[in-house]
Amino acid sequence: MPITVTMPRLSDTMEVGTVIQWHVKEGDTVSPGDVLADIETDKATMELEAFDEGTVAKLAAKQGDAVNVGDPIVIIAEEGEDAAEAAKSGGEVRAESKPEPKAESKQAEGESEGSTSTSTATAPAPASNGSSNGSASNGDGGRIFASPLAKKIAGEHNFDLSGVDGTGPSGRIVKKDVEQAIESGGASGSGGKARESARPAVELPAMGASLEDNTVTLSNMRGTIAKRLVESKQSIPHYQVTVEVDMDDLLDLREQLNEQLSAQGVKLTVNDFLVRACALAMHQHPFVNASWDGSGKQAAIKQHGSVNIGVAVALPEERGGGLVVPVLQGTDRMGLRIISSETRRLAKKAREKGLSVEDMEGSTFTISNLGMFGVAHFTAIINPPNACILAVGAAREIPVVRDGQLMIGSVMSMTMSSDHRIVDGAMAAQYLNTVKGMLEAPATLLV
């Protein structure tokens, strides 16, 4: 019986998904765990994997097509079936087979006797079980398993992936494999070859060159981001409070720890210390870890028992651009090493594979750090239903006065945008000064 794969509901608010890239073509054989396509939702770009074995009979949607949840996107012929017949008979999906919000594989129900049976493959690839692979075809018709970012880099350099040994889960080729192969002139694994190994030179526009008018259609994610930011700014009474932090002691301690822990593969960032300080400070300032609840007859403030810090991550253009916010659940119970490893894992997953809905749920506070871009100071828009968001700039060496002496010191600016219905100015200042105190006495964050 042919298998109809429908557009899954990959988030609770998703109504339409966009097929960003197909990893299979008609006639390909697929097995459970193979990645069929990259799907852009209103929140993230995620991988859609197969749950059944068979042959791709028909791609019902083209790359770039926006498809309603529950509509067919690919038809798979099972073993022994004629692909052409499967493409004809399996193209229609009954409403009963639309995926549930949890995006589980489900057998269609309510079909009339003798009708073609269909099932749906609707869930994204598991977050970390290592069974998911991005696939492509080499010149001999074989399968190459590579992440979307690895394939993007290979395409930019006209690089042949057929001889590259992958170091990712289940032998998947990842970004570093391609970069190493390109740098070594293609001498990777069994003979990957680069026809153009040099990166393109950065060129200035010609004298008198002009830009062209262009209209860029918003992706689902960027459209959702735009809508929610407008709603946030219009419905939440924002205000900002800024403090500056002396960072010399923290930078010294971070350097010592990284030197001592380098053999274990640990590399702490300033953001790791910041996340831990913000999480611990919630125990003294619970209103910062709260949400506005206007659903009842009388409005209320809901203080959260769990501290879940969201860390804003900028996505590369090949994954649709924009921002996503992976969430560290129970951050106040994490040490620096766990915060560091989880932040790196989620940021890498966001940029290369796409986050699951579970990775982005439940934040109670958000941090947006633009220090790595050289930004000294900025303000951020609150991420509902959070009460606050912290905007962090770079630690800069500037002239400072300490103990009456003029010297050079490292100073970092932190600006917190707050919902004035929940957190007033004095409360915001007190919270920021608690965080500032921890960062200026960084040994307190080690225990």
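Helices (H or I, at least four residues) and strands (E, at least two) are DSSP runs, numbered from the N terminus. The model is predicted: local features need pLDDT of at least 70, side-chain atom pairs count only at pLDDT 80 or more, and totals for chains, interfaces and linings use all residues. Residues are numbered from 1 along each chain as its sequence is written, and side-chain values use heavy atoms, leaving out hydrogens and water.

Backbone exceptions are taken up before the packing. Most residues other than glycine have a negative phi, and most peptide bonds are trans. D403 sits in the loop between β21 and β22 (405-419). Its phi is positive, near 55°, in a residue other than glycine. D403 is exposed, at 81% relative accessibility. Here, buried means under 20% relative accessible area, exposed over 50%, and partly exposed in between (1.4 Å probe, protein chains only). N158 also has a positive phi, of about 50°, although it is not a glycine. N158 belongs to the loop between α2 (148-156) and β11 (159-160). With a relative accessible area of 35%, N158 is partly exposed. The peptide bond from P384 to P385 is cis, with omega near 5°. P385 lies in the loop between β20 (365-369) and β21 (388-402).

Two sheets are described next. Strands of a sheet pair through backbone hydrogen bonds, either parallel or antiparallel. Two strands are taken to pair if DSSP finds at least two bridges between them. Axes are lines fitted to C-alpha atoms, for helices over the stretch in contact, and angles run from 0 to 180 degrees between N-to-C directions. Strand β4 (residues 35-40) runs antiparallel to β5 and is joined to it by 5 bridges. Within this pairing, E40 has T45 of β5 as its bridge partner. Contact means heavy atoms within 4.5 Å.

N220 lies in helix α4. Not counting residues up to four places away in sequence, N220 touches V16, G17, T18, E40, T41 and D42. V16 is 204 residues from N220 along the chain, yet their C-alpha atoms are separated by 7.8 Å.

The other open sheet has 6 strands in the order β13-β22-β21-β20-β16-β19, and its pairing is mixed. Edge strands β13 (238-246) and β19 (327-328) each pair on one side only. Strand β16 (residues 309-311) pairs with β19 in the antiparallel sense over 2 bridges. I309 stands opposite L328 in β19.

In soluble globular proteins, nonpolar side chains tend to be buried together. A nonpolar core is a set of buried Ala, Val, Leu, Ile, Met, Phe, Trp, Tyr and Cys residues joined through side-chain atoms within 4.5 Å. The largest such core has 78 residues. Those with the most contacts inside it are L274, F365, L390, M414, Y431 and L439. Helix α6 (residues 270-281) gives the most to this core, with 7 residues. L390 touches residues including L274, C278, F365, M414 and L432, not counting residues up to four places away in sequence. A second, separate core of 12 residues includes A150, A154, V178 and I182.

Helix α6 also meets helix α7 (residues 336-352). Their axes come within 9 Å and cross at roughly 115°. The crossing is right-handed. A crossing is right-handed if the near helix is turned clockwise from the far one by less than a right angle, and left-handed if anticlockwise. D272, F273, V275 and R276 of α6 make the contact with L336, I339, S340 and T343 of α7. These residues divide into 4 nonpolar, 2 polar and 2 charged. In this count, Ala, Val, Leu, Ile, Met, Phe, Trp, Tyr, Cys and Pro are nonpolar, Asp, Glu, Lys and Arg charged, and the others, Gly among them, polar. S340, in helix α7, is buried at 4% relative accessibility. S340 touches K267, L268 and D272, not counting residues up to four places away in sequence.
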